[in-house]
Amino acid sequence: MPTSNAAEPFSFTHAGLCPACDRDATFSADGPYLRSTLRCSECGAVPRHRAIMRVIGQNFPNWRKLSIHESSPGWDPVSKRLKAECADYVASQYDTSVPFGAEVPAPRLPCGSYRSENLEAQTFANGSFDLVITQDVFEHIFEPGKAIAEIARTLKPGGATIMTVPIVMKTKPSRRRARLEREVVVHLLEPQYHGNPIGTDGSLVVIDWGYDIVHYLHHHSGLSFMMVQIDDIDHGIRGDLIEVLVGFKRSVPDL
Ligand SMILES: [Zn+2]
């Protein structure tokens, strides 16, 4: 018999519409850290997936007809849906085993193939894309200023980059955890790693971002950024570290 003061197992459920798979769903969590536990019954998405898909749909409801580049997709429900429903979708991965710009066959991945690209020095032509998507990528980039400048270069006027980045610093400025010196990683803080879509090793966390990321990305790209924070349980969007950033490449009037 359980004792009277035994902790109740955590359980939370809510019925709603999942933006990641666009289906009626039940969102269920078996632990209190909703960022990783609040999953969709239909597609398995977690809150940040639903948040970025909601922001894509609200700002670019015609996304299926647009030209989309996603850097470093992990083949979560968002990447799979973009690939499945957008005819002009290209996935890229930072793959140093082939020359940058090369198309790499990947029959086991939903994309079938991906393009090897260094986000900081891309081989795509200027103005190639309407949307550039990154999900939890910018905390792993050694030169994020170069990466966002390159994303801006490859966007068409009127396009945008839409990204999730964990804003972990809250009330403090962004800080660097590691830097590259002559191709050697120098750790400034205890190394932290996240999952890596194409490798068995984790991806090193290079920067702990704060809210000043908005100013940083604007400064290095000229894009007009906004940060979107959503709490909308009917769409299964609730939890920590699920901010979405949108950087618009505004068309300039020809006066
Ligand atoms: Zn879903």
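**Notebook: sheets, helices and core**

I began with S1 and strand S2 (residues 23-29), which run antiparallel and are joined by seven bridges. I count two strands as paired if DSSP finds at least two bridges between them. Helices (H or I, at least four residues) and strands (E, at least two) are DSSP runs, numbered from the N terminus. The model is predicted: local features need pLDDT of at least 70, side-chain atom pairs count only at pLDDT 80 or more, and totals for chains, interfaces and linings use all residues. Residues are numbered from 1 along each chain as its sequence is written.

I looked up the partner of Thr13 and found Ser28 in S2. The open sheet has the order S1-S2-S3, with antiparallel pairing. Its edge strands, S1 (12-18) and S3 (39-40), each pair on one side only.

**Eight-stranded sheet.** I read the order of this open sheet as S6-S7-S5-S4-S8-S9-S17-S16, with mixed pairing. The twist from one strand to the next averages 25°; axes are lines fitted to C-alpha atoms, for helices over the stretch in contact, and angles run from 0 to 180 degrees between N-to-C directions. S4 and S5 pair in the parallel sense over five bridges, and His69 stands opposite Val90 in S5.

**Helices.** Helix H2 lies across S8, strand S9 (155-164), S16 and strand S17 (244-248), at about 160° to S9. Helix H5 (residues 213-221) packs on the sheet and touches S16 and S17, its direction making about 160° with that of S16. For H3 (residues 77-85) I list Pro77, Val78, Ser79, Arg81, Leu82 and Lys83 as buried. A residue is buried if 20 or more other C-beta atoms lie within 10 Å of its own, exposed if 12 or fewer, and partly exposed in between, with C-beta atoms placed from the backbone. The buried residues of H3 pack against H2 (47-59), S4 (67-71), S5 (88-93) and S8 (129-135).

**Core.** I found 56 residues in the largest nonpolar core, with Ile52, Leu131 and Ile162 having the most contacts inside it. H2 gives the most to this core, with five residues. Such a core is a set of buried Ala, Val, Leu, Ile, Met, Phe, Trp, Tyr and Cys residues joined through C-beta atoms within 7 Å. Leaving aside neighbours within four places in sequence, Ile162 is in contact with residues including Ile52, Leu131 and Val244; contact means that C-beta atoms, placed from the backbone, lie within 7 Å.

**Whole chain.** I noted five helices and 17 strands in the protein chain, and 38% of its 255 residues count as buried.

Definitions and conventions:
Two residues are in contact if their C-beta atoms, placed from the backbone, lie within 7 Å.
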